[in-house]
Amino acid sequence: MTNILFAASECVPFVKTGGLADVVGALPKYLDKSRFDVRVIIPYYTCIPGRYRNFFHYRHHFFMDYAGKQEHVGIMEYEYHGIKFYYVDNEYYFNGETPYSSNMCWDIKRFTFFCKAVLAMMPVIGFHPDIIHCHDWQTGLIPVLMHSTFATHPFYQGVKSIMTIHNLKFQGIWDIEEFQHNTNLPDYMFTPDKLEFNKDANMLKGGLVYADYITTVSETYAQEIKTPEYGENLNGLLYARENSLRGIVNGIDYGIFNPETDKKIYYNYNADNFLTGKLENKRRLQAELGLEQDDRKMLIGLISRLTDQKGLNLLGDTFERFLDDNTQFVLIGTGDPAYENMFRYFAGRYPGRVSANICYNDELAHKVYAGADMMLVPSKFEPCGLTQLMSLRYGSVPLVRETGGLKDTVQPYNEFDLTGTGFTFKEFWSEAFLGAVNYAKSVFFNYRYHWDDMVKRGMQQDFSWNNSACQYEGMYEWLAGK
């Protein structure tokens with residue numbers, strides 16, 4: 001039996017702001033329980049809903065030296081879907097309505113505390129991991145502390161660490177003095193070959209330097225981040241560690257995202273009866289959102305954080321050039337106020353054709369996946385992306401830029417041999433995006449039988465966690481020497 005500890009800042013269903021939470025919540029369920037004992041640890045946020053928090057039970061507590069003070073570390077425990085979860089309890093650090101604050105210095109202090117508490121509490125609860133799997137910058141100091149503060153601790157002799165990059169853009173950077181105060185690490189660890197980064201300190205970089213192995217969430221992204229264009233100034237380090245770096249594409253939980261059983265959509269369907277199923281969902285979605293009810297309209301969806309990363313400038317530049325009388329558009333998302341206002345403007349200017357839902361509503365998102373004809377993912381960069389995987393699952397044809405996991409998971413439509421599962425464009429350029437949208441529209445309106453075949457091919461793809469879990473299992477056993 002190989003013992004694996006997942007350490008992360010968020011996890012479905014307890015707290016979620018992005019795809020990281022989906023991965024941490026889903027992957028442990030798909031690993032072979034006869035070979036792996038996988039447990040997950042996250043902070044005990046006060047914003048975790050009461051329907052879960054009320055059933056957590058107290059395991060233990062102790063005091064830990066941190067930033068020159070003795071800090072309380074409580075340990076809460078809960079079992080969910082056969083996986084044991086631990087929660088680091090300290091109300092001072094993890095109080096609030098959201099898991100992250102708007103103050104990076106404060107968040108670094110909080111998650112530095114979390115990293116140290118994770119290592120301090122494992123001997124207390126008696127779970128001895130063979131591998132600690134660290135997710136994103138919030139856990140980046142765990143491998144660092146394993147090679148410093150806890151290096152001589154007998155409990156951690158032989159324990160390996162994996163650092164997974166979910167999005168390299170976010171790294172946890174602040175001044176060195178603050179890090180030294182919080183961690184009490186020696187000066188020699190704040191050098192350019194270790195934690196130092198442009199005269200500051202970088203949590204993620206520390207994890208990438210000291211982890212035994214590095215993964216990211218798609219094969220293409222693993223190659224891209226070794227280049228200056230995508231490497232966020234860590235490309236040199238990642239290139240130097242390329243023999244210890246691999247990409248494994250994320251999956252989605254097919255138990256949750258299943259149009260045949262999904263209770264959040266209007267009408268259930270599968271790859272055999274999607275023609276009637278998707279049409280019924282489209283009609284009901286049009287009615288709910290106040291769009292003109294017309295089966296012949298092409299309904300395009302976008303579910304996204306509203307940030308520059310998501311390529312929304314391409315959409316803004318071209319929106320009124322593809323939104324004709326035969327096209328409808330629905331958005332779900334929040335983020336940059338400029339983009340929120342852009343979509344509000346379009347909705348106000350084109351009533352009956354545009355629905356801008358400036359929010360995140362999970363039930364409505366499922367309805368859009370089921371009711372849309374096409375989903376847009378024009379990202380500037382995308383480590384993996386889950387929107388296109390959900391789109392394929394629900395038979396909404398994805399249109400994506402060829403980057404990261406989008407390139408790995410969407411096969412471009414080929415009108416000559418009638419293959420492909422979606423539409424793609426390569427250059428991050430408004431005209432390239434517009435050309436792809438117009439090409440997709442021409443197939444939808446003029447070659448509908450080819451479109452329907454593509455929908456079916458997409459629904460028959462397998463992007464569940466099964467295949468990805470097998471790759472993780474092989475990596476864990478190899479790294480643990482079992």
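Two strands count as paired if DSSP finds at least two bridges between them. The views below show a predicted model.

**View 1. Strand 16 and its two parallel partners.** Strand 16 (residues 374–377) pairs with strand 17 (residues 397–401) in the parallel sense, over 4 bridges. Within this pairing, methionine 375 has proline 398 of strand 17 as its bridge partner. Between the two strands the chain passes through helix 14 (residues 387–394), and this β-α-β crossover is right-handed. Strand 13 (residues 298–303) also runs parallel to strand 16, to which 2 bridges join it. Here isoleucine 300 stands opposite methionine 374 of strand 16. Both faces of strand 16 are covered: Met374 and Leu376 are buried on one side, and Met375 and Val377 are buried on the other.

View 2. Leucine 302 is found in strand 13. Its relative accessible area is 1%, and buried means under 20%, so leucine 302 counts as buried. Leaving aside residues up to four places away in sequence, leucine 302 touches Leu312, Leu315, Phe329, Val330, Leu331, Ile332, Phe343, Met375, Leu376 and Pro378. Glycine 333 lies 31 residues from leucine 302 in sequence, with a C-alpha to C-alpha distance of 8.1 Å.

**View 3. An aromatic pair between phenylalanine 14 and phenylalanine 85.** The count of aromatic pairs in the model comes to 42. In one of them, the rings of phenylalanine 14 and phenylalanine 85 are edge-to-face, with 5.0 Å centre to centre and 70° between the planes. The pair links distant parts of the chain, 71 residues apart: phenylalanine 14 is in the loop between strand 1 (2–7) and helix 1 (19–30), and phenylalanine 85 is in strand 5 (residues 83–89). Phenylalanine 14 is buried, at 2% relative accessibility. Phenylalanine 85 is buried as well, at 3%.

**View 4. An aromatic pair between tyrosine 66 and tyrosine 93.** The ring centres of tyrosine 66 and tyrosine 93 are 5.9 Å apart and the planes stand at 85°, so this pair is edge-to-face. Tyrosine 66 lies in strand 3 (residues 57–66) and tyrosine 93 in helix 3 (residues 91–94), so the pair ties together parts that are 27 residues apart in sequence. Both tyrosine 66 and tyrosine 93 are buried.

**View 5. An aromatic cluster, and arginines over tyrosine rings.** One aromatic cluster is formed by Phe14, Tyr44, Tyr52, Phe56, Tyr78, Tyr80, Phe85 and Tyr87. Arginine 53 lies over the face of tyrosine 44, at 4.3 Å from the ring centre. Arginine 393 lies over the face of tyrosine 254, at 3.7 Å from the ring centre.

**View 6. Helix 1 and what covers it.** Helix 1 has 12 residues and reaches 17 Å from its first C-alpha to its last, close to the 16 Å expected at 1.5 Å a residue. Of its 12 residues, 9 are buried, so helix 1 is largely enclosed by the rest of the structure. The buried residues are Leu20, Ala21, Asp22, Val23, Val24, Gly25, Ala26, Leu27 and Pro28. Their cover includes strand 1, strand 2 (36–43), strand 5, strand 6 (131–135) and helix 18 (465–480).

**View 7. Helix 16.** The 17 residues of helix 16 (residues 430–446) should span 24 Å at 1.5 Å a residue, and the end C-alpha atoms are 24 Å apart, which agrees. Buried in helix 16 are Ser430, Phe433, Leu434, Ala436, Val437, Ala440, Lys441, Val443 and Phe444.

**View 8. Threonine 220 in helix 8.** Threonine 220 lies in helix 8 (residues 219–224). Its relative accessible area is 16%, and threonine 220 is buried. Apart from residues up to four places away in sequence, threonine 220 touches Gly404, Lys407 and Asp408.

View 9. Strand 9 is joined to strand 10 (residues 200–202) by 2 bridges. Phenylalanine 197 has aspartate 200 of strand 10 as its bridge partner.

Notes. Residues numbered from 1 in each chain as written. Predicted model: local features only at pLDDT ≥ 70, side-chain atom pairs only at ≥ 80, totals over all residues. Heavy atoms only, no water. Buried < 20%, exposed > 50% of the residue type's maximum accessible area, 1.4 Å probe, protein only. Right-handed = clockwise from strand over helix to strand, strands pointing away. Contact = heavy atoms within 4.5 Å. Phe/Tyr/Trp six-rings, centres within 6.5 Å; stacked < 30°, edge-to-face > 60°. Lys NZ or Arg CZ within 6 Å of the ring centre and 35° of its normal. Expected span 1.5 Å × (residues − 1).
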